[in-house]
Amino acid sequence: MKKIISLACVAVCTLMLQAQTLSLNGEWKLSYWQQPEEPITSPEEMSGIAYTTIPANVPGNVELDLMNAGQIADVFVGSNNYLTRKWEDYQWCYSKSFDVAKKEEGRQYELCFGGIDCVADIWLNGQHVGHTENMLIGRNYEVTKFLKEGNNTLQVIIQSAVLHGRKYDLGAISIGAWASPEGTNFRKAPHMFGWDILPRIVSAGIWRDVELRAIESVRFRDVHWMTASVDTTLHRATLFANIQLVMPSACYDNVHALFTLSRNGRQVYQSKRPIIMHAFRQRIDLDKVDFWWPRGYGEAALYDAKCEIVDGEGKILARDEKKIGVRTVRLDFTDINLPDAPGKFCFVVNGEPIFIHGTNWVPLDALHSRDKLWVDETMAMAADMNCNMIRCWGGNVYEDHRFFDLCDQYGIMVWQDFSMGCNIYPQGDDFAKKIEEEVKWIVRKLRNHASLALWSGNNEDDQCFDGNWKSFGLDPNKDRVSRRVIPEVLMEYDPTRTYLPSSPYYSEEVFRRNMIDMKHVPENHLWGPRGYYKAPFYTEAECVFVSEIGYHGAPNIESLQKMMSLDCVYPWDKGTLDWNEEWLTKSIRQYQAEGKTMARNNLMINQQKLLFGEVATQLEDFVYASQVVQAEAMKYFVEMMRGDKFSPRTGIIWWNIRDGWPVISDAVVDYYMSKKRAFYYIKNVQHDVCCLINDAKDGRHPLVAVNDTRNEVQGEVAVTDVVSGKQLFKGTFQIRPNAKTDVTMIPEQPDKQGIYLITYKVGGKEYRNHYLYGKAPFRLSDYRTWINKTKIYD
């Protein structure tokens, strides 16, 4: 009897090691028309209207196809992005024909969309497949009964996102915040309606891959690897593999699950167990473990984790393969920051506190089908700068597996905001269900990545309660979305990671004490007046962790010439002491109807005046001076935090590594991958072991040596005044693992200006750093002479 059951199982469990897929990427057709009062949602309705059809590419965005068809000018240049405004009330239909040679009897098929932007109806051969209103997650539709042998026609009809957003009745709490009210009630990347770092381009499109998949009768529904515990001293760990699968009843009791772990091609674990139910947990106890560590603290060791379903004859019926890291991670944080009881906000990996020096990650492109063009190079730059954390900002889409794979490999931890920001979102059941679905999908997709360290509910939503509703006593801890919906999903699907309700987080304790201000949150965003970078706003900030802080810097001249019409690059003010139209657009101005919005460009003017006493009038000097100001400020912020490592500072995530559009901004690399001066200055002070000079206290500058490794470090250091050529100090230092030490004190020269050159050797390698001393303003020509003498940034 048992043999008969086994044969029945084999009959329905056809061996398919490679899932059968048909890519539907590539050439499509795109039809468009102005949306009527009632949107078109079916091919049948399209037969009664006039529309235009052009070639399209998938993955893609409609603006790119319009550009390729000559229907719109290059939206990346000058003020052309405003041309997209007229297309905001259009509808779009993507169409593609494809052939299926043969439908296998008894097999199911599904259409898989990585991302559709945004409100769309999907049709296959004239039959309605599904509807979506979320661009941020993938959609899979079972289409077996609609699929034909031979030619098939797939159509995706997309509504105007702006017109869709206007249909919703908004509550009072959702009006007046930074984020556009048009995108509040449905799930589209918040930045697309306009932000201070990206233009308003309310795009549409099939922006990620599309494929047709043959669904195997035996398959894994989900494989979730968890690190339950670690012992770094004995190199032991316990893992859990949580398995969910789908297979015919005849297979149960007759097939086995085979678990294999390998490292660098060497098998380190294998076990086999019978499958008697559709969901189960495998406990794996490992010895001689290579742990996953963030950069500096050890190797980011990864294992090849394989789970297979094997029948009685040894045939593999299904296989799941992943890269996993063995590590535990948590955020040790407190709810409030008080003068007599400093708050805590410290990431802990494998029991080791980690000092964070990393970057914020904003959209790689305002047109998200292009994201994949930039991810590898941008990640390589983050690793080159020795960032050990990336904060994925909440105004963005969720990055795909490629980004997280690279973070896993590079040892860069990820702080992941859910895609909400600068708003108070609806509190009703309808929106709660949308967020619940999204969080489940994203968590299940990403939770196996070792680099993923923290879930955060949103970007700055708690601050919206402060800014708009403080006088009414509206408590952010009553927010249904961030305090109930998200944490309930995380408790069920990913209890291994810490959840931060908002960034910054205004806790019940903060609210109870009526201390909703910048002083009483352990983690904060330091923007404020954006004045002199050594102003008390920065130097006296009481938070222990800074997760946003930045400073403006002009792009390189070559980039300015790409992003603007050549006659607008210089002079920028046409002699009228205000900015021309394209400088305003790139500043960034959301609507031309807003007129003159000069504040963000004027940051560069004011900041140059503060450091150099005047504003350069020649373009080359202006760009150089602007980039120096940004570089010195960003370097100063990193050194300010590292100089107080663990007493009480625990990290800084600066803003930001790269622009997602040709703009003038705080980014240290522009859209064209051209590095500003700040890139090199920050890189130079993010070495695992770094010697730096902090501002003087009581007439003396501390020379600090910081060690962000788990090994004791010894080195040599010398400090020389570049102006006089005099050596001020030469000596050795020793730093305990993961600590910092004050090497010596350098006497302040309050009435002089110059640069100190810090030369230090660690492990046989020589490094250089600098410190700009004296009171501003400095002469730009003097600065250029001094910094060139250091030969650090040649």
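These legends walk through several close-up views of one predicted model.

Because the model is predicted, local features need pLDDT of at least 70 and side-chain atom pairs count only at pLDDT 80 or more, while totals for chains, interfaces and linings use all residues. Residues are numbered from 1 along each chain as its sequence is written, and side-chain values use heavy atoms, with hydrogens and water left out.

**View 1. An open sheet of 6 strands has the order β3-β2-β4-β10-β7-β8.** Strands here are DSSP runs of E with at least two residues, helices are runs of H or I with at least four, and both are numbered from the N terminus. The pairing in this sheet is antiparallel; two strands pair if DSSP finds at least two bridges between them. At the edges sit β3 (52-58) and β8 (127-133), each pairing on one side only. On average, neighbouring strands are turned by 25° against each other, direction ignored. (For angles, axes are lines fitted to C-alpha atoms, for helices over the stretch in contact, and values run from 0 to 180 degrees between N-to-C directions.)

View 2. Strand β2 (residues 26-34) and strand β4 (residues 90-100) run antiparallel and share 6 bridges; here K29 stands opposite S95. Next, 9 bridges link β4 to strand β10 (residues 150-158), again antiparallel, and K96 has L154 of β10 as its bridge partner. Strand β7 (residues 119-124) is joined to β10 by 5 bridges, also antiparallel. Find L154 again in this pair: L124 stands opposite it.

**View 3. A120 sits in strand β7.** Is A120 buried or exposed? It counts as buried, because its relative accessibility is 0%; buried means under 20% relative accessible area, exposed over 50%, and partly exposed in between, using a 1.4 Å probe and protein chains only. Skip the residues up to four places away in sequence, and A120 touches G130, H131, T132, V156, I157 and I158. A contact means heavy atoms within 4.5 Å. A120 and Q91 are 29 residues apart in sequence, yet their C-alpha atoms are 9.8 Å apart in space.

**View 4. Helix α6 (residues 401-410) has several buried residues.** Which ones are they? They are F403, F404, L406, C407 and D408. These residues pack against β23 (356-361), α5 (371-384), β24 (389-392), β25, α7 and β26 (452-456).

**View 5. S419 lies in the loop between β25 (413-417) and α7 (429-446).** S419 counts as buried because its relative accessibility is 1%. Leaving aside neighbours within four places in sequence, S419 is in contact with L136, R187, A189, P190, G394, N396, Y398 and E438.

**View 6. Helix α15 (residues 599-612) packs with helix α16 (residues 619-642) at an angle of about 75°.** Their axes are 9 Å apart. That makes α15 roughly perpendicular to α16, because angles of 65 to 115 degrees count that way, while those under 35 are roughly parallel, those over 145 roughly antiparallel and the rest oblique. From α15 the contact uses M604, I605, Q607, Q608, L611 and F612, and from α16 it uses F622, A625, S626, V628 and V629. By class, that is 8 nonpolar, 3 polar and no charged residues. (Ala, Val, Leu, Ile, Met, Phe, Trp, Tyr, Cys and Pro count as nonpolar, Asp, Glu, Lys and Arg as charged, and the others, Gly among them, as polar.)

**View 7. The largest nonpolar core has 231 residues.** Such a core is a set of buried Ala, Val, Leu, Ile, Met, Phe, Trp, Tyr and Cys residues joined through side-chain atoms within 4.5 Å. The members touching the most others are W92, Y94, F113, F403, F637, W654 and F733. Which helix gives the most to this core? It's α16, with 12 residues. Another core lies apart from it and has 16 residues, among them M564, W579, L584 and F622. In soluble globular proteins, nonpolar side chains tend to be buried together.

**View 8. 3 strands form an open sheet in the order β31-β32-β35.** The pairing is antiparallel, and the edge strands, each pairing on one side only, are β31 (689-693) and β35 (739-747). From one strand to the next, the twist averages 15°. Between β31 and strand β32 (residues 700-707) there are 5 bridges, and C690 stands opposite V706.
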